[in-house]
Amino acid sequence: FSGLNLPHDIFVINFYNKHLKQYFENEPIMVCSLFLFAFILRLSFLPHLIDDPAFVQPILDSRDHNWLAFELINMTGWRMTEFWSHTPGYAYFVAFIYKLLGFSVVRLVVVQYILGSLAACLVFFIAKRLVNRVAAFFAAFLMSTYWMLLYTQSHIFSENLSMVLNLITIYILMIPRESWWKYLFCGILLG
């Protein structure tokens, strides 16, 4: 902050040093607060969806993923007998959540909100490794508040799971140590 001497600049510097510096220097608190902020913001969006007919009774891709999840739960062996126009990974994920928590679109959406909040934290770690901590916080904050992500994470879309898997893959690929296990694991995540 050298070279700044205007009164409002001094106020900003003093405010940062007094209130924000300890927050930005304590990374675990920053990441936990980013996760909580993203999750609470998404959770506050949920009551507005309860009256949406497309939320309560999924349509289009959401309907297909829901139907495939039911087929997987009701079949023996958890195998699909036919090919569908969607990749099966997300249907298995939805079926697993339904089997674990019971059939409820709201419970599935809460799990997707957790994944979306985790994605914001992953963006923080990736941006911190590429740029710096302040830019990482800003990127994670923007991802937490981006309305399109809030909307898509509130419906049964396969992009909710693939976004998190892609971010985990990017983070793992950024690990400097080379190992064939790293590439095998990334291939499994993407595959």
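Me: Which helix of this predicted model has the lowest mean pLDDT, and which the highest?

Reply: Among the elements of the protein, helix α1 (residues 7–25) has the lowest mean pLDDT, 65, whereas helix α6 (residues 105–130) has the highest, 91. For the protein as a whole the mean pLDDT is 78, with 74% of the residues reaching 70 or more. Where pLDDT is low, the predicted coordinates should not be read in detail.

Me: What makes α6 roughly antiparallel to α7?

Reply: Helix α7 (residues 133–145) packs against α6 at an angle of about 155°, and their axes lie 8 Å apart. Angles over 145 degrees count as roughly antiparallel, and the angle of about 155° therefore makes α6 roughly antiparallel to α7. The crossing of the two helices, α6 and α7, is right-handed.

Me: Which residues of α6 and α7 meet, and how do they divide into nonpolar, polar and charged?

Reply: From α6 come Ala119, Ala120, Val123, Phe124, Ala127 and Lys128, which meet Arg133, Ala136, Phe137, Ala139, Ala140, Met143 and Ser144 of α7. The residues of this contact between α6 and α7 divide into 10 nonpolar, 1 polar and 2 charged.

Me: Why is Met30 called buried?

Reply: Met30, which is found in helix α2 (residues 27–45), has a relative accessible area of 0%. Buried means under 20% relative accessible area, so Met30 is classed as buried. The C-alpha atoms of Met30 and Phe137 are separated by 8.1 Å, although these residues are 107 residues apart along the chain, and Phe137 is also one of the α7 residues that meet α6.

How values were computed: Residues numbered from 1 in each chain as written. Predicted model: local features only at pLDDT ≥ 70, side-chain atom pairs only at ≥ 80, totals over all residues. Heavy atoms only, no water. pLDDT = per-residue confidence, 0-100. Helix = DSSP H or I, 4+ residues; strand = E, 2+ residues; numbered from the N terminus. Axes fitted to C-alpha atoms, helices over the stretch in contact; angles between N-to-C directions. Parallel < 35°, antiparallel > 145°, perpendicular 65-115°, else oblique. Left-handed = near helix turned anticlockwise from the far one by under 90°. Contact = heavy atoms within 4.5 Å. Nonpolar A, V, L, I, M, F, W, Y, C, P; charged D, E, K, R; others polar. Buried < 20%, exposed > 50% of the residue type's maximum accessible area, 1.4 Å probe, protein only.
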